[in-house]
Amino acid sequence: MTDIIQQQFSLQVGKLGIQLSNQQLAQFETYYCLLVEWNEKMNLTGITDRDAVYEKHFFDSLTLAEVVPFDTTKSLADIGSGAGFPSIPLAIVFPHLQITIIDALAKRIRFLEEVTSQLGMTNITCLHGRAEDVARKREHRDQYDVVTARAVARLAALNELCLPFVRPGGVFIAMKGTDISTELDEARYSLTKLNAKILDVKQLMLPTEGADRHLIICSKKGPTPSTYPRKSGIPLKTPLLKPEKANTIK
Ligand code: SAM
């Protein structure tokens, strides 16, 4: 039996071209319960109302399906996944995807291991580490069809954390909120340095709340130059900005 929140969710993701089975709806509900339960012991999310989690976390994560042909995508890396967004909703809906989750906080990785175990998922690898360090490993560098990140950092810094994971010809999609024009402008320098360019920017809206969302799609032209990413902590502290802007952006 499904309730009104699940029916609304099914309807809205249907508009993204996704048909959810009852088993997938049950997996979302189990994930919701674990999220709220573990959130009492550790800081996972500020959003806990059930309808809000379904829209602002689950639906929002799945909007990637608007711009990624997941049927023909094999591998995806989610950098700074936190409580599992967008990777866990994507793993529920697209079980053929090989997903790698990377997060710098060990307790969040422990939570995600519990989620993947309870949901019986075999398509997810959870890695504890900083993106800057993991991207130096051969098995992760220049490897993934799609790399994504939601609510991790400004685009100029995020490019350096995420693009090294993308295989040449693959894409990095930054999931962003309302106001992106300044961010986009300041990110252009880092894209050039990292052998990438912006392919498209897709604007979306959350169905009930009406809040704006943006998906910034960057394609990678060739392997990441060996100088990137710089040492752990540097990309966030000193993002790759055009020299005259470097001193003015905090
Ligand atoms: N993507 C999730 C979401 O949309 O709800 C989580 C966002 S949370 C605000 C940011 C996450 O990025 C945190 O879990 C943090 O540990 C992780 N993070 C920040 N810098 C990182 C880095 N350099 N490498 C890996 N993870 C990082």
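Biologist: Where does Ala151 lie?
Modeller: Ala151 is in the loop between strand 4 (144-150) and helix 7 (155-162). Helices (H or I, at least four residues) and strands (E, at least two) are DSSP runs, numbered from the N terminus.

Biologist: And what is phi of Ala151 near?
Modeller: Near 55°, a positive value in a residue other than glycine. Keep in mind that this is a predicted model: local features need pLDDT of at least 70, side-chain atom pairs count only at pLDDT 80 or more, and totals for chains, interfaces and linings use all residues. Residues are numbered from 1 along each chain as its sequence is written, and side-chain values use heavy atoms, with hydrogens and water left out.

Biologist: Which peptide bond is cis, with omega near 5°?
Modeller: The one from Phe85 to Pro86. Pro86 sits in the loop between strand 1 (75-79) and helix 4 (87-93). The bond from Tyr228 to Pro229 is also cis, with omega near -5°. Pro229 belongs to the loop between strand 7 (212-220) and helix 9 (234-237).

Biologist: On to the ligand. Which of the 16 residues around the ligand come nearest?
Modeller: Gly80, Phe85, Asp103, Arg108 and Arg150. A residue counts as near if one of its heavy atoms lies within 4 Å of the molecule. By class, the shell has 7 nonpolar, 4 polar and 5 charged residues. Here Ala, Val, Leu, Ile, Met, Phe, Trp, Tyr, Cys and Pro count as nonpolar, Asp, Glu, Lys and Arg as charged, and the others, Gly among them, as polar.

Biologist: What is 2.7 Å from an oxygen atom of the ligand?
Modeller: An N or O atom in the side chain of Asp103. A ligand nitrogen is 2.9 Å from a polar backbone atom of Gly80. For Ala131, a polar backbone atom is 2.9 Å from a nitrogen of the ligand.

Biologist: How much of the ligand does the protein bury?
Modeller: 81% of the 600 Å² that the ligand exposes when taken alone. Those areas come from the Shrake-Rupley method with a 1.4 Å probe; for residues, only the protein chains shown count as cover.

Biologist: Which pocket is the space taken by the ligand?
Modeller: The largest one. A molecule sits in a pocket if more than half of its atoms lie within 2 Å of its grid points. The grid is 1 Å, over the protein atoms alone; a pocket is an open set with protein on both sides within 12 Å along at least five of seven lines, a cavity is a set of points where a 1.4 Å probe fits but cannot get out, and lining residues have an atom within 4 Å of a point.

Biologist: What volume does the largest pocket have?
Modeller: About 420 Å³. Of its 24 lining residues, Gly80, Ser81, Gly82, Asp103 and Val152 are closest to the centre. Strand 2 (98-103) and helix 6 (131-134) are the elements that give two or more residues to that lining.

Biologist: And the second largest pocket, which residues lie nearest its centre?
Modeller: Gln8, Asp51, Tyr54, Glu55 and Thr208, out of 14 lining residues. Helix 3 gives the most to this lining, with 6 residues. The volume is about 280 Å³.

Biologist: Last one. What lines the largest cavity?
Modeller: Asp60, Thr63, Met175, Lys176, Leu204, Arg213, His214 and Leu215. Strand 7 supplies the largest share, 3 residues.

Key. A polar contact is a pair of N or O atoms within 3.5 Å; within protein, one must be able to donate a hydrogen and the other to accept it, and residues adjacent in sequence count only if both atoms are side-chain atoms. Grid points are joined across faces, edges and corners, and a volume is the space filled by probe spheres set on the points.
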